[in-house]
Amino acid sequence: MDDFRRTGVSEVVYIGETRNLRQRLGAQLRRDWQCRPGFIYSVQVASIFPHQLREMKNDLLGALYGRSERVPRFQFGGQ
């Protein structure tokens with residue numbers, strides 16, 4: 001969390017994965033986040049499998065929970 005705070009991000013509200021970053025970011029920009037969102041992404045090799053993307057997302061969720069004992073507020077249909 002400290003690294004995010006240095007960038008001005010005060011809260012992680014959602015962690016996701018996609019094979020089409022342009023389309024996904026467009027959809028996320030239209031979503032009502034109830035705050036001014038910022039986006040951080042990591043481009044992976046094209047040969048990555050969908051289950052590997054989900055595994056990375058789940059690892060990030062686990063790390064965030066381990067550090068803050070909470071999940072992103074929009075992760076599981078919240079708010």
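Pro72 counts as buried at 2% relative accessibility, where buried means under 20% relative accessible area, exposed over 50% and partly exposed in between, with a 1.4 Å probe and protein chains only. This is a predicted model, in which local features need pLDDT of at least 70 and side-chain atom pairs count only at pLDDT 80 or more, while totals for chains, interfaces and linings use all residues. Residues are numbered from 1 along each chain as its sequence is written, and side-chain values use heavy atoms, with hydrogens and water left out.

- Pro72 lies in the segment after helix 3, helices being DSSP runs (H or I, at least four residues) numbered from the N terminus.
- Leaving aside neighbours within four places in sequence, Pro72 is in contact (heavy atoms within 4.5 Å) with Val12, Val13, Tyr14, Ile15, Leu61 and Leu64.
- Tyr14 and Pro72 are 58 residues apart in sequence, yet their C-alpha atoms are 5.2 Å apart in space.

**Val71**

- Val71 is found in the segment after helix 3, which covers 50–68.
- With a relative accessibility of 40%, Val71 counts as partly exposed.

**Gln28**

- Gln28 belongs to helix 2, which spans residues 21–30, and is buried, its relative accessible area being 10%.
- Apart from neighbours within four places in sequence, Gln28 is in contact with Tyr14, Trp33 and Phe39.

Key:
Helix = DSSP H or I, 4+ residues; strand = E, 2+ residues; numbered from the N terminus.
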